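This briefing is meant for someone meeting the structure for the first time. Please look over the sequence and the model below before reading the points that follow.

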Amino acid sequence: MSNISPLINVMKTAYNKVNRRIYRDFGEIENLQGLDEKIDRFFNKTYEFIEYNLKDYLTYCRPEWEFLDNKNSTVKKNTYYWLLEPLSGKENFKRSIPIFSSSISVLFNDKVIASSVYDPLRNDFYFTEEGKGAFLNDRRIRVAKRNKLSDSVVVTGIPHIGRGNKEQFIEEIDQIISEVAGIRRSGSAALDLAWVAAGRYDAYWEYGLSLWDIAAGIIIIREAGGVVTGLDGSEDDLYTGNVIAGNDNIHESLLKKIKNIYLQDD
């Protein structure tokens, strides 16, 4: 690809350091189905390999930059941070469901300025830098142009053991299910957002995620012409891991359906 910058090339090369191992391990884990303890041990080794090698290469290329994660959550001014999600879609990977991804973002002065999402099984590389548009491999991408919620396929997360507000989610689904063409649950937040940017899904909403789960997709969608806010309609809400995204019209329509429920239950 001739249109990628040195920074984006660093991200792409980092993924190349791990994609062969991901592909191999995903094939191997299919043989372990039904052996839960072995799957967990095997997956943990895979995840550790991905995380270590991505961090190792990014550190090699930008030794003065820091990582923002659970271990280091203090943000300093005029400092570049990597936000890394080694594998988004962990439960899919464990079950041989071919929907998962890795993502890398760059944060500077509280603003994400560049990001990428990599789907290793399809060799799809989504990337952007602030003000430069969004791309899938060598092709410019845009959010879908549908104007009606009734024509839209939307994607979300579903609460499960230890995570999410089940009652709030049921209220949301009750408000939305009869208004849309379809609702999906894919299992990889980073890939869901990338697919919204590429026009495959029309909108996405979920809450309670980590910033590094959604940071990459936020800027990719915006550079693809979409709108991203928190579930209360504000930018600040994104930092609590709450997100709703789509084109102008679909975002506005979906936000109206969700906002009152979210604020009432907050």
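The side chains of S186 and D192 are joined by a polar contact of 3.2 Å, in what should be read throughout as a predicted model.

**Around S186**
- S186 sits in the loop that runs between β9 (182-184) and α6 (189-197), and with a relative accessibility of 8% it counts as buried, because buried means under 20%.
- Besides the polar contact with D192, the side chain of S186 makes a polar contact of 2.6 Å with the side chain of Y201.
- When neighbours within four places in sequence are left aside, the residues in contact with S186 are N92, I99, V155, T156, D192 and Y201.

**The helix after the loop**
- Helix α6 is mostly covered, with 9 of its 9 residues buried; among them are D192, L193 and W195.
- After α6 comes G199, which has a positive phi near 85°.

**The open sheet and its helices**
- Five strands, in the order β9-β8-β10-β12-β11, make up an open sheet whose pairing is mixed.
- The edges of this sheet are formed by β9 and β11 (227-229), each of which pairs on one side only, and the twist from one strand to the next averages 15°.
- Within the sheet, β8 (residues 153-156) and β10 (residues 203-206) run parallel and are joined by 3 bridges; T156 has W205 of β10 as its bridge partner.
- Helix α5 (residues 166-176) packs on the sheet, where it touches β8, β9 and β10, and its direction makes about 160° with that of β10.
- Helix α7 (residues 211-223) lies across β11 and β12 (243-246), and it runs at about 145° to β11.

**A pair of packed helices**
- A packed pair of helices is described by the angle between the two axes together with the distance between them.
- For α2 (residues 19-29) and α3 (residues 36-61), the axes come within 11 Å and cross at roughly 175°; angles over 145 degrees count as roughly antiparallel, and so these two helices are roughly antiparallel to each other.
- On the side of α2 the contact is made by R21, I22, D25, E28 and I29, while α3 contributes I39, F42, F43, K45, T46, F49 and I50.
- Sorted by class, the contact of α2 with α3 comprises 7 nonpolar, 1 polar and 4 charged residues.

- Strand β4 (residues 111-119) is largely enclosed by the rest of the structure, because 7 of its 9 residues are buried.
- Strand β3 (residues 101-108) pairs with β4 in the antiparallel sense over 7 bridges, and L107 stands opposite V112 of β4.
- The hairpin of β3 and β4 has 2 residues between its strands, and N109 there takes a positive phi near 50°.
- Strand β5 (residues 124-129) also pairs with β4 in the antiparallel sense, over 6 bridges, with T128 of β5 as the bridge partner of S115.
- The hairpin that β4 and β5 form has 4 residues between the strands, and N123 in its turn has a positive phi of about 55°.

Definitions and conventions
Residues numbered from 1 in each chain as written. Predicted model: local features only at pLDDT ≥ 70, side-chain atom pairs only at ≥ 80, totals over all residues. Heavy atoms only, no water. Buried < 20%, exposed > 50% of the residue type's maximum accessible area, 1.4 Å probe, protein only. Polar contact = N/O pair within 3.5 Å; in protein donor to acceptor, adjacent residues only side chain to side chain. Contact = heavy atoms within 4.5 Å. Pairing = 2+ DSSP bridges. Axes fitted to C-alpha atoms, helices over the stretch in contact; angles between N-to-C directions. Parallel < 35°, antiparallel > 145°, perpendicular 65-115°, else oblique. Nonpolar A, V, L, I, M, F, W, Y, C, P; charged D, E, K, R; others polar.
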